[in-house]
Every structure is written in structure tokens, then in C-alpha cells.
Amino acid sequence: MFHASKALIALWRLTGLGTFSLTGCPPPPSSRLSVVYAVTVYSAYAYLCSVLTSERLSAYKRHESGTFQIHVIRDTNMGLLFVASTAVYWSAAAYRRQHVRVYAEHAAVVHQLFGSAVPAGRRVVDACYWVLYALLAAALSLDVRRYTGPRPWTFGAVYVWGHYALLTGNMQFAITVFGLWQCYRELNCRMRAGSAGRRRDFGLHEYGTADTTKIPSSDVPPQNMMFISVLEKVNLLAMLKYWSDVHWSITQIVSRVNNLFKFRLFVFFVCGLLHLMLTPYMLSLTILNEDIDILRYILECTLWFIIHILRVVLMIYPCALLGEEAAKTQILLGSYLDTKIDLFDIKKIETYAQQLAANTPEFSIYSMFIIDKQLVITLTGAVTTYLVIILQLQGQS
């Protein structure tokens, strides 16, 4: 199971976004004090947004016609950040008990698969998240300095906090999905080892698996050989049933996680789509209408474009990775059909395979579309099409 480091959890709790635990042990019930703290932090952020909104509305009268579109796009970006941060804070506070139950079920499956061992990969994932925070800090330091308003600290606070909340929401979803992917991967490794005939601990000591490889066939009476053959078939079917049950348990957790994050995923998708379209358009407008350092501004917009792409990747890539790993379980289960078993046992294995096919894990946004690799192509086509249309309209005007 991938889970956040203590430093990330402390940062999220300090900013009011850590009302649920992401540790490996079953999380304790979230206290009401953490929810009150999250509401207090969000209230301060909402107050600063209201102050900045009143300032921006009064400033529209002073803008020239050439820079009006630039300020509209900037304010649209601020509105998207406010909506996204509101969704993240509201979901973390309103669904705290549901999060606790889901992560407790996840922790039980992790303990069932891994025991007391901690899966590898935690440091790599944490390092990637800290790199994303560093990129965000670099982009914000370049962008906030360009603001010239009556209260630059208000704009800076709202802008920084909104981007931080949006990126943190994407990270929390990615960490959750990566943990579920690790469970599917461990399950497939065990099935692959069993199919190859290797003897290893499958966590099935309660089924009484017998090691008959060390017993010479000449020293065993025929009736005992028949008993051992039947015992091996029973143990094989017991292991397949166990693996099918574990797969079903992980798939149910995936379904619950999707229900918890579907509203946030919708907000993340809309923000990512609009940011990817508006950032290049904003670049062209600013270069044509403002006297600025072009190379520096191109570098700044390129950095923001990379951050927006990485946020979309945090939403799509873990879901695609999980879907591919879960699909391998059915293939591995079908490989056991090559063993020397009777027709009745083959029917049982086919039944298990049909159950896996009927419980395919997937992440979707209100059942409108599935989050997989095909979504990258769809998103790229949509961004390119609308960007070409906008640039054509700009050229005609």
C-alpha cells in the first residue's frame, strides 16, 4: 500500500486538508476538532477571495479594451481555483467518516496480502510529490510578482492557497489509487507464482496445503496417491476461491473510492481542461498586448502548462495503471485451466473467471466516461480543437 509520509500528512493537517488518515494501520475516527479547524482555514480563504473579488470588480472600469480579455482570463482562473479548493475542503470535511471506513477496509486487505511487511515504492512516490510542490512554488513565485494591485498580498494568498489545495486534492486521490494498484499487483504476483509451480507462502495455511514433492511415488500406496491427488485439487480450488475473494474485496473498495472522489474528479477534470486551453491563449494575448519580458513570460507559461499536465496525469495515470493490473487477474486465473483436473473443477474455475469479469474495477466521473488512457487522447483532441478555434477568432478580430 502506498501511503503518504509523515511530513506530507503533517502538512495536510496543518492546512486543514488532513481530516482523514492515510497511514497503513486502520485509521481512527476523525475528530470534530479537525473538521472545525478545516472549516476555520477555509473561512479565512473564502474571506480573502471575497475581498479580492470586490477589488477586481472595481478595477474592470480602468482596463483598456486591449487588456480586458487578459484580466477576464486571469479572473476566470481565480474562479476555477476557488471552486476547486472549495470542493476539496468540503469533501474532506463532509465525507470524513466514509473516508475512515474505506481506508479501514483498505488497511485490512493490505494486512491480508502483505502482513506486517511494508510494500516498496513509498519513498519514490513521496519524492515525486515533493517535486510537484517545488514546481508549484517556482511557478507561483514568478506569477505573483507580476500582480500590481492595491493589495498584492491578498492576491498572493488566494492564488497560492488555491493552487495548493487543487494540487493536494489530486495527490490524495493518486495516493489512494496507487495503494489499490499495489494490492492488485501483489495478488497477481502470487497467482503468477502459483501458476509457475513455485512453492511459496500464499497466506493459506488454514487450508492445509501439503508438500508432496519430497515423497517418492514408489513408497506411496495407490490409495494414498489418489488421496494426495484429491487433496491437491481441493487445495488448488481453495486457493483460487481465496484469490477471487480478495480480488472482489479490492474491487469493492475501488467502487467506494470512486463514489467518494467522483465530485472532486469532475472538478479536477474541468479545471484541467480549462487551464490547458487558457494557458496558451493567455500567452498569445499577453505577448501581443503588454510590454513584458517575452522570454521570461514564455518560461513562466511553459512551467504552468507542465504543472497542469502533471495534475491531469495524477488523475488519469493511476486509474489506467490500476485497470491494467486488475485485468491481468482474469488472465492468470484462466491459466489454471491447463492443469490436469476434471470437468467439474474446470467449471468452477470458469465460474471464478466470470465473477472477475463481472466485477471489473474502473473509475468514472458520474458514469459519463471512464478514466483510462483513452481519456488522454480525448482530452488532447478537445484542447487542441478549442485552442485552434480561439486563435482563429482572435486573428479575425
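Visitor: How many aromatic pairs does a search of the whole structure find?

Guide: The search finds 15 aromatic pairs. Keep in mind that this is a predicted model.

Visitor: What describes a pair of aromatic rings?

Guide: Two things do: the distance of the centres and the angle of the planes. W90 and Y95 have ring centres 5.4 Å apart, with 80 degrees between the planes. Angles over 60 degrees count as edge-to-face, so the W90 and Y95 pair gets that name.

Visitor: Are W90 and Y95 buried, exposed or partly exposed, and what is the relative accessible area of each?

Guide: W90 is partly exposed, at 45% relative accessible area. Y95 is partly exposed too, with a value of 28%.

Visitor: Which kind of pair do W130 and Y133 form?

Guide: That pair is tilted: the planes of W130 and Y133 are 55 degrees apart, and the centres are separated by 5.9 Å.

Visitor: Where do W130 and Y133 sit, and how many residues apart are they?

Guide: Both belong to helix α5, which spans residues 122–144. They are 3 residues apart, so about one helical turn separates W130 from Y133. Their surroundings are worth a look as well. W130 is partly exposed, at 37% relative accessibility, whereas Y133 is buried, at 10%.

Visitor: Which residues do ring pairs link into a cluster?

Guide: Look for Y42, Y45, F82 and Y89, which ring pairs join into a cluster.

Visitor: Which residue lies over the face of F261?

Guide: That is R264, at 4.1 Å from the ring centre of F261.

How values were computed
Residues numbered from 1 in each chain as written. Predicted model: local features only at pLDDT ≥ 70, side-chain atom pairs only at ≥ 80, totals over all residues. Heavy atoms only, no water. Phe/Tyr/Trp six-rings, centres within 6.5 Å; stacked < 30°, edge-to-face > 60°. Buried < 20%, exposed > 50% of the residue type's maximum accessible area, 1.4 Å probe, protein only. Helix = DSSP H or I, 4+ residues; strand = E, 2+ residues; numbered from the N terminus. Lys NZ or Arg CZ within 6 Å of the ring centre and 35° of its normal.
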